[in-house]
Amino acid sequence: MRAAAAIESFLEMMSAERGAAQNTLESYRRDLEDAAAFTATAGLQLTLAEPAIIRSYLDDIAGRGFAATSQARRLSALRQFFRFLYTENIRTDDPTSTLDTPKKDRSLPKIMSEADVEKLLARAELETQDAKASDTAHFNALRLHALLEILYATGLRVSELVGLPVTVARSDSRFLMVRGKGSKDRMVPLSGKARDAMTKYLAMRDALPNLSDSQWLFPALSESGFLARQVFARELKGLAARAGLKTSAISPHVLRHAFASHLLQNGADLRAVQQLLGHSDISTTQIYTHVMEERLHRLVTEHHPLAD
């Protein structure tokens, strides 16, 4: 079977049987097509690759400067691809079964202080009150304020946030039902400030004829029909600059990290934070305890009179 056809069959299976998200499918496609291009230079279809050439491919992407995390992701995609070929009787073996996953350092997530988050949210709210703003600028300010209040109140992934259906804003509920990775639903609480910001934004959104009929809470003229993650990230950095914050240290994902770390700092249970974030494995959530441990260690070493 030719590599292109096998990749398409694999992606169809991931979509139909495992409910893989579009972003996940596109990532698998890029990774597998890159591996197929490498094996093609050796005159070989990816479907016929042996362990030695897969190992050579991993060495190649390492030589191209790919981080260990990216190498591990590529190998993971290949493992799933070859397991699919095995289960479909296209191959009688799995050439990745003897390969070790590249070791990766576990980097600590970037977070923001509570003071910086408050400064950011205060600036976002202030800009919604600009009496001299045009209708477009006022709408954008209301939208950005709503996005930030919801994000910090819930810790949603940015893809979950921008893709919220408008129905979540129509109910007078203190909770949002969110569909996350693997089409798994979870319930997250919504703060009073977030509900208020969302209500004010929704009032203007519903008054605009070109947006009022959209099924999305944050509609846009894009292929998906809702606000692009990149647009939100760009607007957030602009707001951070106007708030006097370091823009390189701020992104939608950093606010998600801030949500989790601030909850833990204030006594939240790790399991509860895991559920709120939509992590399937608690080991993923435990990275935030390492952030707290690192901060405490730094506090002691810098300020304790007996510290060396």
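## Salt bridges

The count comes to 18 salt bridges, each defined as a side-chain nitrogen of Lys or Arg within 4 Å of a carboxyl oxygen of Asp or Glu. Side chains of opposite charge can pair when their charged atoms come close. The model is predicted: local features need pLDDT of at least 70, side-chain atom pairs count only at pLDDT 80 or more, and totals for chains, interfaces and linings use all residues. Residues are numbered from 1 along each chain as its sequence is written, and side-chain values use heavy atoms, with hydrogens and water left out.

## Pairs within and between elements

Arg186 and Glu160 form a salt bridge, with 2.8 Å between the closest N and O atoms. This pair links distant parts of the chain. Arg186 sits in strand β2 (residues 185–189), Glu160 in helix α7 (residues 158–162), and 26 residues separate them. Helices (H or I, at least four residues) and strands (E, at least two) are DSSP runs, numbered from the N terminus. Both Arg186 and Glu160 are buried. Buried means under 20% relative accessible area, exposed over 50%, and partly exposed in between (1.4 Å probe, protein chains only).

The closest N and O atoms are 3.3 Å apart. Both residues lie in helix α9 (residues 192–206), four residues apart, about one turn of the helix. Asp196 is partly exposed at 38% relative accessible area. Lys200 is partly exposed at 46%. Elsewhere, salt bridges that share partners join Asp31, Asp34, Asp60, Arg64, Arg73 and Arg74 into one network.

Asp93 and Arg91 meet through their side chains in a salt bridge of 3.0 Å, N to O. Asp93 has a relative accessible area of 30%, so Asp93 is partly exposed. Arg91 has 8%, so Arg91 is buried.

## Nonpolar surface patch

Which residues form a nonpolar patch on the surface? They are Phe175, Met177 and Met187, with about 300 Å² of accessible area together. Patch members have over 30% relative accessible area and no salt bridge; like charges are joined within 9 Å, nonpolar side chains (Val, Leu, Ile, Met, Phe, Trp, Tyr) within 5 Å. Areas come from the Shrake-Rupley method with a 1.4 Å probe; for residues, only the protein chains shown count as cover. Met177 lies in strand β1 (residues 175–179). Met177 counts as partly exposed because its relative accessibility is 49%.

## A loop position

Ser251 is in the loop between α10 (229–242) and α11 (252–265). Ser251 is partly exposed, at 22% relative accessible area. The C-alpha atoms of Ser251 and Ala240 are separated by 9.4 Å, with the two residues eleven apart along the chain.
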